[in-house]
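Me: I'd like to go through this one slowly and ask what stands behind each label. Here it is.

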Amino acid sequence: MIAGGVTKEGAALMRKAQDVQGRSLWVDAWRRLLRNRAAMVSIVLLFVIAAMAILAPWISGYSYRAVDYGLISCAPDWWPGGDSYCRAGGTHWFGTDSIGRDLFVRVLYGARVSLAVGLVATAVSLLIGVAYGATAGYLGGRIDALMMRVVDVLYALPFIFFVIILMVLFNRNFFLLFIAIGAIEWLTMARIVRGQTLSIKQKEFIEAARAGGVGTWGIIVRHIIPNVLGPVIVYVTLTIPAVILSESFLSFLGLGIQEPLTSWGVLIADGTNQMETAPWLVVFPAGFMALTLFCFNFIGDGLRDALDPKDR
Amino acid sequence: MAAPILRIANLDVRFSTPDGEVHAVRNAGLEVGPGECLGVVGESGSGKSQLFLGAIGLLAQNGRATGSVEYRGEEILGAPLKTLNRLRGSKITMIFQDPLTSLTPHMRVGAQIVEGLQLHQRLPRDEAEKRALEVLELVRIPEGRRRMRQYPHELSGGMRQRVMIAMAMVCGPDLLIADEPTTALDVTVQADILDIMRDLKAELNTSVVLVSHDMGVIAGMADRVLVMRRGEIVESGPVDEVYHRPRHEYTKMLLAAVPRLDRDGPRPEPAARSATAKAVLAVDDLRVSFPVRTGWRTRLLRAVDGVSFTLAEGETLGVVGESGCGKSTLARAVLSLIARSGGRVVWLGRDLDGVRQSELRKLRKDFQIVFQDPLASLDPRMTVGESIAEPLRALQPHLAPAEVTARVRRMMDLVGLESQWINRYPHEFSGGQNQRVGVARAMIVEPRLVICDEAVSALDASIQSQIIALIRDLQSAFAMSLIFISHDLSVVHQIAHRVMVLYLGRVVEMAGRDAIYDDPRHPYTRALVSAVPIPDPALERAKTRVRIGHDPPSPLDTRAGLLFLKSRIVDDPDAEQYRPKLIEVAPGHFVAEHDAGFT
Amino acid sequence: MTTYALRRILGAIPTLLVIITLAFFMMRLAPGGPFDSQRRLPPEIEHNVEVAYHLDRPVYQQYLLYVGGLARGDFGPSYRSKDFTVAQLIADGLPVSAELGVLAIALALVMGTALGITAALNQNRLSDHAIMSAAMFGITIPTFVTAPLLTLVFGVYGVRVFGFDISLPVGGWNGGQLRNLILPVAVLALPQIAIIARLVRGSMIEVLHSNYIRTARAKGLSSGRIVMRHALRAAMLPLVSYLGPAVAQLVTGSLIVEQIFGLPGIGRYFVLAAINRDYTLVLGVVIFYAAIIILLNILADLLYTVLDPRVSYRT
């Protein structure tokens, strides 16, 4: 009765065009996110900061490395404080640093490095974490126990120390910095992915798929990955600020990015040295960094609220 | 009638949710007299629980109750928390559905019972404990002193609910509100709990409000009944009146939908079971065990312990048993979804043990499964069309996409779903609709055997009967064999040709449908059958129950299997024990050996 | 319980060994490190190093001897400062770092829990929003910004409240005087207060929605009693799990704080050692901290089993 080729009746059924369009969970989550004002403002702000960082050379006429000994630690013209500071002149919007470089351009170049480290290191951690966590979670049993034991061991390390050692031993290689920080963050990612995989694996719809003859790969691709994706996205948006923070931490200690390249951490470290005499040197980089971190955190929280199935 | 203990008038309960306001209870009015038991019955979402939570100020944060609630003439709705706290736990007490999550996990049972006494009656600790012990005895908890020092997770489900009752009764309340107190429990345990509540009510003359979805439970307990539907009280009256002369259409529908053991409802189509009908499935001495770590050693939990049966073409075998009896494990082992530890499953003369994984996947076209929880068994990120199509795509990959879609649409029509809903998602459907999707997914490959694992247990009675009718129709259309697993004997009664009763992984009785219900031989079967509440007040109250008399033993203890054959027990929890044999007492009626002492 | 603790401690030994091995062989790879034949060192230290690391023996013996030394509390000599062993330097800095750390974690626990509970009990009201916004600040603003900021406000500019000078010293240890401790401890604790407040708020809200809290309300208990007796313990469980990572973060934070405030703790030695390439000191500090973090993780797990009777400590 059901078997057989496409009958006339079947074709007629297919032509019925007035199918009801369903609302997927993604659409639901997206709508909820759109309603979250803090998250939406954050997304816009982040785009602006990123665009400014990318377009930095075209926005300002100054080079990030051009030294001007005539304008050492000069305040922007609009900075309050009367005659107590020297003035940098019209186009140095954020003033100049201790060897007369334009702070505005340097903050944007710092944004380039900080954002790049954030994205690349997060990508590294995503790659390792998802592969590792999903494998452990799906295989389960002894392999899972062993793999998670390794994660536990690494967790016990004061990992930033290892990054510091790495940076010391291998001379502050830029790439190594990405990888080293990514290597810290993948642990949590692996744990989250494994936990999710384990809980989804026990769901009845996985058993239903197996009973329906779907193979292991089909189950992973069609069922497990789409369902793990939500928490992973949330965690990714929260990892990026953590990575940016780690990088600035290292740079602050003098173990990160090296001159004349710069990052927010380096700028803040330099700025704190002259905080009393030239506060703008710390205010601008710290402000930009805090704003960026805020945005990522708000987006992360917003995504979590949007994707969390608890209120459904 | 004497002055009522509780009077509710014009009560409305509303919840504000992100998707708008939900009006859960509309204009409810009722009275509870002294010593009276008021039954409140309704299906899920009828607002029956929210009505009383709202009345005593226990709504969730986004809930709001308006109207009037008087306790002995005193308005308590919107009263200051201090006034409410004086009454709650002392004069008005409540017990809830799930006793495990309703008890504080990190506090000892004793401390939780005593707490109320110390607060409301200002008893010193030792006196409070003495009183608590007395109440524990009242709810038939033996070894009360030891129990008081235990944590909730160390008790069985029935024991926990008794603790909840003890907690509610300890201050001698005027009014006890029981919100689905037995829904999470096995049927024999449910009967025990109801007995206790009935005795307590008679002894202490406490008024009781019993909220339940189960017409049978209400029939046995209530003096008066309220029927609720979508937040409104549609009918109320004395229990006999409502049950025997229902006025509202909805009440009539509810009563008609309830499957009944005492009466012949819809019968399964006679199966072609005879000497000529060929067996499609033969299960022989099937065993599944899991290693369980207890302390320093690992023991085997024998979830299925030597089960044998055959199934003929077009036949339905009902599998009945309480939680932990291994019925779901049995289903998965038969379908090779989990590994068997012993025994054979022979499908159409082919031993499944010799079959390779790749071939097994092809064989899956022949046997399918319908799961208990309709929402959990569908991938939330897939449209229902994709879910239904999945087995077809996996098992018949040569089909053209258009053909798959056409078949999915036809299957949807067949199970009573509009085929334009093909692109909808499970969260946009009701439980009953989702279960239709589950049935469609199982049926689309036209299997020859379908296992329904508690397939209707999560649904309301009215939806239950629809799904059962659907499964029966499809069965006769496709000449499928069916294994229908349920904890609910009255549901199995409607659909099975033969019934197998499982207890702790073993078959205790197997017989034709009528023999099991009319002439149960094994003491466990008798207890089970007699514990099923009958939705008829007179019959339910006159019924005599067969009791087993204790909570089920730990399945890790090898002696547990000989509970009904104590004479053969070797008194060592780890020893290999005698295995009771199945004896054919009448043609096709098998009963496990048991001691004569059980009647 | 005791057996469980013992088993956990025994189980931690392989973990520690893995870390030691990792650290040891990383040192071997270091160009210019103690195991590099090209090294150039003052003769006294050269001699010390040769003796201490048995450089005349094969690698595996060097390794075993190093592990053996660690077991006796011997971390070897410093690679830069002659006359000092690593153990001496650690012992020197430990009291400072420990005092800072203990005070900071205590402050973070008390403040964080109190704020988290307050926010949870006032969910979606003004005080909740205020606390959570502040917590967001605490999480996003790095230590090395808050430290100079507070220094500026309390130290350099000097703050007067009702005519009282409440300015604080901006650095130095000064024998661990309270006045010298306030700023570093506050800076160290701030991000932890924020994280703990968020954590406690989340778990408290979840617990308050659970069925057993409804039961407690139905019993007529007062809100205070419900929170203290029925909710608090369960709500603290995620916090206990967080204790291990919190300590690790405090250790990391102390690197910055000791640097900025010029405190003679282990963290400062570590950063100096890293910059000066004092490999043996770096190695020693890493192993020392790893051991402490592992130990505290075990303690946290033990505490968890005590708080939650459902977790059996047999496994």
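Reply: Let's start with burial: 47% of the 312 residues of chain A count as buried. Keep in mind that this is a predicted model.

Me: What makes a residue of chain A count as buried?

Reply: A count of neighbours: with 20 or more other C-beta atoms within 10 Å of its own, a residue is called buried. In chain A, 47% of the residues pass that test.

Me: What is chain A built from, helices or strands?

Reply: Helices. Chain A has 12 of them and 0 strands, so a run needs at least four residues in H or I to be called a helix here. Read along the sequence, the pattern is α-α-α-α-α-α-α-α-α-α-α-α.

Me: How do you know which parts of chain A the predictor trusts?

Reply: From pLDDT, which runs from 0 to 100. Chain A has a mean of 79, and 88% of its residues reach 70 or more. Confidence is highest in α9(A), at 90, and lowest in α1(A), at a mean of 47. Over residues 1–16 of chain A, pLDDT stays under 50, and the model has 20 contacts beyond four places in sequence for them.

Me: Which elements of chain A touch chain B?

Reply: The contact takes 34 residues from chain A and 40 residues from chain B. Elements giving two or more residues on the chain A side are α1 (8–15), α9 (204–211) and α10 (216–252). Of these, α9(A) gives the most, with 7 residues. By class, that side has 13 nonpolar, 12 polar and 9 charged residues.

Me: Why is α14 of chain B called mostly covered?

Reply: Because 10 of its 12 residues, in the helix spanning 384–395, are buried, each having 20 or more other C-beta atoms within 10 Å. Among them are Val384(B), Ile388(B), Glu390(B) and Leu395(B). The buried residues pack against α9 and α10 of chain A, together with α15 (401–414) and α16 (431–443) of chain B.

Definitions and conventions: Residues are numbered from 1 along each chain as its sequence is written. Chains are lettered from A and ligands numbered from 1 in the order in which they are written. This is a predicted model: local features need pLDDT of at least 70, side-chain atom pairs count only at pLDDT 80 or more; totals for chains, interfaces and linings use all residues. Two residues are in contact if their C-beta atoms, placed from the backbone, lie within 7 Å. Ala, Val, Leu, Ile, Met, Phe, Trp, Tyr, Cys and Pro count as nonpolar, Asp, Glu, Lys and Arg as charged, and the others, Gly among them, as polar.
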